[in-house]
Amino acid sequence: MGYDMIELTTDGAVATIKLDRPKALNALRSDMMAEMAKALTKLEKDDSIGCVILTGSEKAFAAGADIKEMAELEYLDIYKGDIFANHEAIDRFRKPIIAAVAGYALGGGCEIAMMCDFIIAADNAKFGQPEINLGVMPGIGGTQRLIRAVGKSKAMDMCLTGRMMDAQEALTSNLVSRVVPLDNLMETAQEAAAKIAAQSQPIAMMTKETINASFEMSLAQGIRLERRVFQSMFTTEDQKEGMAAFSEKRKPHFKNK
Ligand code: CAA
């Protein structure tokens, strides 16, 4: 529906955005990211969608920002054009979003996967921040998000040597939440997304927002925020329904209210 470089599909309450420039290993050209940002804006407004999956091809989730597009740019082109603003649409997206990663997730590819709420990796996934090989460094959050996921030593190792991490190392380093065989990747992501989408949408959104707030505040502030948000959930019909369903030994029917 009006997209050239991404595919947007829906299955029930789950939407999937597939990056679709396979010949260029899904290098993140700016017009592709503008399409992705547009799709996310639409999905955020769509009450029927409870969770989004961001994925690529079997060979590449995304091999980074498009080097050919960037190569000749000057500082003012990048500064005035705010070159990675559309990529940040993932970070701003308020509903749950899962990265389903197969193949290469390098540079900007690794960075947009890390903006998602969690990463499910296929066993052929390879993660890396190889920008240093190009005479630059990560510019879409890699220096900040990777260290929070894997700690200083490994983040430094990845960004300074530019080496890749395989799926098993990504799992043991806490960069990804699960590793599954490539053939099961989309089924696993869909199952997780459907489970999330079946929960109360506002409660899932508040949960995501509260977890993300932990990156920005002290433990005491975070605990206070959590308590207030938890208390506020008792204004919702979904809290009443969820707890009643437990007592009545039935499945809850959330109304997103
Ligand atoms: N930008 C533009 N084009 C890319 C690309 C990228 N990041 N990655 C791959 N491609 C293109 C290749 O140029 C090639 O196109 P042609 O067929 O027209 O030559 C096509 O995709 C297939 O790639 P390869 O032939 O190189 O495939 P391979 O299997 O031999 O190697 C690879 C795969 C190891 C991923 C290799 O393509 C590679 O090293 N890619 C670049 C990875 C990288 O450096 N990413 C960081 C980008 S910078 C960044 O992201 C900045 C930031 O943080 C802000």
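## Helices, strands and the model

Helices (H or I, at least four residues) and strands (E, at least two) are runs in the DSSP assignment, numbered from the N terminus. Leu 134 sits in the loop between strand E8 (126-128) and helix H6 (142-150).

This is a predicted model, where local features need pLDDT of at least 70, side-chain atom pairs count only at pLDDT 80 or more, and totals for chains, interfaces and linings use all residues. Residues are numbered from 1 along each chain as its sequence is written, and side-chain values use heavy atoms, with hydrogens and water left out.

## A nonpolar surface patch

Leu 134 is partly exposed, at 48% relative accessible area. The cut-offs are these: buried is under 20%, exposed is over 50%, and partly exposed is in between (1.4 Å probe, protein chains only).

## Nonpolar cores

A nonpolar core is a set of buried Ala, Val, Leu, Ile, Met, Phe, Trp, Tyr and Cys residues joined through side-chain atoms within 4.5 Å. The largest core has 49 residues, and Leu 54 and Phe 127 touch the most other members. Helix H1 gives the largest share of this core, seven residues. A second, separate core has 15 residues, including Cys 51 and Ile 98.

## Aromatic pairs

Rings of Phe, Tyr and Trp (its six-membered ring) pair if their centres lie within 6.5 Å; planes under 30 degrees apart are stacked, over 60 edge-to-face, and the rest tilted. The count comes to two aromatic pairs. In one, the rings of Tyr 75 and Tyr 79 have centres 5.8 Å apart and planes at 20°, so this pair is stacked.

Both tyrosines lie in helix H3 (residues 75-81), four residues apart, or about one turn of the helix. Tyr 75 is exposed at 61%, and Tyr 79 is exposed at 55%.

## Cysteines without a bond

How many disulfides does a search of the whole structure find? The search finds zero. A disulfide here is a pair of cysteine sulfur atoms within 2.5 Å. The sulfur closest to that of Cys 110 belongs to Cys 159 and is 8.5 Å away, too far for a bond. Cys 110 is buried at 2%, and Cys 159 is buried at 13%.

## Salt bridges

Side chains of opposite charge can pair when their charged atoms come close. A salt bridge puts a side-chain nitrogen of Lys or Arg within 4 Å of a carboxyl oxygen of Asp or Glu. The structure holds 11 of them. One links Asp 31 and Arg 29 at 2.7 Å, N to O. Asp 31 is partly exposed at 31%, and Arg 29 is partly exposed at 30%.

Arg 163 bridges to Asp 157, with the closest N and O atoms 3.2 Å apart. Arg 163 is partly exposed at 27%, and Asp 157 is partly exposed at 28%. Bridges with shared partners join Lys 154, Asp 157, Arg 163 and Glu 169 into one network.

## Positive phi angles

Asn 26 is not a glycine, yet its phi is positive, near 60°. Asn 26 lies in the loop between strand E2 (14-19) and helix H1 (30-45). Asn 26 is buried, at 0%. Asp 82, also not a glycine, has a positive phi of about 45°. Asp 82 is in the loop between H3 and helix H4 (89-92).
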